[in-house]
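Walk me through this structure.

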Amino acid sequence: MNTPAPSVWKQPAQVWAVAFACVVAFMGIGLVDPILPAIAESLEATPVQTELLFTSYLAVTGLAMLVTSWISSRIGAKKTLLIGLALIVVFALFCALSGSVDAVIGFRAGWGLGNALFISTALATIVGAASGGSGAAIVLYEAALGLGIAIGPLLGGLLGEQSWRAPFFGVVVLMAIAFVAILLLLKGADEKRTPVPFSAPFKALGRPALATLAIAALFYNIGFFVLLAFSPFPLGFGAMGIGFTFFGWGVALAVTSVWVAPILMRRMKRTHIIFVVLPLLAIDLIAAGLLVESATALVVCIIIGGLLLGVMNTVLTEAVMEATDLPRSVASSAYSAVRFLGGAMAPPIAAALWHGFNATVPYLFAAAAVLIAALTVLIGRKALAHIDDESGDAGEEVEAILLGDAA
């Protein structure tokens with residue numbers, strides 16, 4: 001007689017503590033989206049200055065990913081999580097109390113450092129502590145990722161109706177609760193630590209396959225963050241309208257990332273999916289640019305973009321996991337560091353193009369970047385031939401995919 005598999009939802013308290021913190025951390029990605037116009041107005045900032053809120057956050061998050069595995073492998077997961085959460089609490093509070101856009105930009109950089117430390121460690125912690133094996137842990141992590149991406153813009157919109165400072169105060173409260181929960185509930189004394197060399201992510205980028213995918217992801221992320229970070233300005237909505245729009249975007253992204261992408265990968269080669277989805281994303285961005293004067297049409301393009309971005313996030317990151325024989329944590333951190341540079345540069349460039357030309361040009365710029373990403377994969381297809389092999393441990397691959405998507 002077979003013993004029934006334990007329920008995914010019957011987990012130790014320490015697992016729920018980390019899962020809750022994951023939801024809040026992922027919310028931070030889109031939290032400021034609905035309040036960008038309000039920040040620009042209240043702090044008398046230009047759109048370019050306001051978009052630097054994303055740049056400082058993403059640039060520091062990406063660069064910090066190069067060293068987070070080195071840090072956590074030495075001080076342990078619990079200490080790394082707590083340091084990351086503490087930094088987010090402190091810098092989110094500083095953002096809320098700031099009196100100038102330059103100050104908020106600087107404090108968002110500190111927030112990015114905390115976010116990198118937390119996210120890079122959270123999945124491994126859940127996998128190690130969850131009952132029911134890695135499969136159960138991955139389901140929980142998927143749920144946290146999807147909830148966070150979808151709820152972030154909605155919460156930002158709700159609180160942003162009161163004040164642009166309110167979403168930052170909301171993060172402070174939620175992350176403080178998560179800090180206490182992990183401090184009290186997560187065990188850390190019996191951790192096994194295997195130190196990772198400081199140079200490992202840098203050496204990883206010397207591998208042709210990984211370098212090709214990282215460069216492609218850099219240009220792909222330009223399209224991603226033009227859609228996410230620039231769109232609130234031409235939409236012309238208030239905080240609540242922007243929040244609902246990007247709530248729909250987040251739900252679409254989460255659904256295709258978690259459910260649709262795995263179905264496609266069982267039926268198509270990874271490179272073939274990339275060659276289909278990236279041109280479709282470019283077409284969507286071109287449509288957004290041409291129809292930017294219609295708020296309804298732009299909302300539709302944003303939601304469709306979310307569907308395509310969800311597929312690409314998962315497929316690109318799984319391709320990275322299969323690109324080299326390096327430890328998956330090292331490959332993921334090296335790849336994430338490069339791709340976030342694209343996300344960091346995109347918002348202010350989009351705002352500058354809007355100011356210099358019109359609201360159509362930033363989307364055409366994003367579409368061109370996405371096509372360059374596809375061309376990069378096409379040029380490097382020989383180095384990437386092996387990523388279409390169906391070998392490897394499925395559970396381990398999915399775990400790494402989710403880490404890459406979150407990062």
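**A glycine in a helix contact**

Glycine 306 lies in helix α13. The model is a predicted one. Glycine 306 has a relative accessible area of 0%. The cut-off for buried is under 20%, so this glycine counts as buried.

What does glycine 306 touch, leaving aside its neighbours within four places in sequence? Its contacts are Trp249, Ala252, Leu253 and Thr256. Take threonine 256: it sits 50 residues from glycine 306 along the chain, and the two C-alpha atoms are separated by 8.4 Å.

Now step back to the helices. Two packed helices are described by the angle between their axes and the distance between the axes. Helix α11 spans residues 239–267, and helix α13 spans residues 295–323. Their packing angle is about 40°, and their axes are 7 Å apart. That angle makes α11 oblique to α13. The crossing of the two, α11 and α13, is right-handed.

Which residues meet here? From α11 come Thr245, Phe246, Gly248, Trp249, Ala252, Leu253, Thr256, Ser257, Val260, Ala261, Leu264 and Met265. From α13 come Val299, Ile302, Ile303, Gly306, Leu307, Leu309, Gly310, Val311, Asn313, Thr314, Val315 and Glu318. The residues of this contact divide into 15 nonpolar, eight polar and one charged.

Last, the cysteines. Are cysteine 22 and cysteine 95 buried or exposed? Cysteine 22 is buried, at a relative accessible area of 0%. Cysteine 95 is buried, also at 0%. A disulfide is a covalent bond between the sulfur atoms of two cysteines. The structure has zero disulfides.

Notes. Residues are numbered from 1 along each chain as its sequence is written. This is a predicted model: local features need pLDDT of at least 70, side-chain atom pairs count only at pLDDT 80 or more; totals for chains, interfaces and linings use all residues. Side-chain values use heavy atoms; hydrogens and water are left out. A disulfide is a pair of cysteine sulfur atoms within 2.5 Å. Buried means under 20% relative accessible area, exposed over 50%, partly exposed in between (1.4 Å probe, protein chains only). Axes are lines fitted to C-alpha atoms, for helices over the stretch in contact, and angles run from 0 to 180 degrees between N-to-C directions. Helices (H or I, at least four residues) and strands (E, at least two) are DSSP runs, numbered from the N terminus. Angles under 35 degrees count as roughly parallel, over 145 as roughly antiparallel, 65 to 115 as roughly perpendicular and the rest as oblique. A crossing is left-handed if the near helix is turned anticlockwise from the far one by less than a right angle, and right-handed if clockwise. Contact means heavy atoms within 4.5 Å. Ala, Val, Leu, Ile, Met, Phe, Trp, Tyr, Cys and Pro count as nonpolar, Asp, Glu, Lys and Arg as charged, and the others, Gly among them, as polar.
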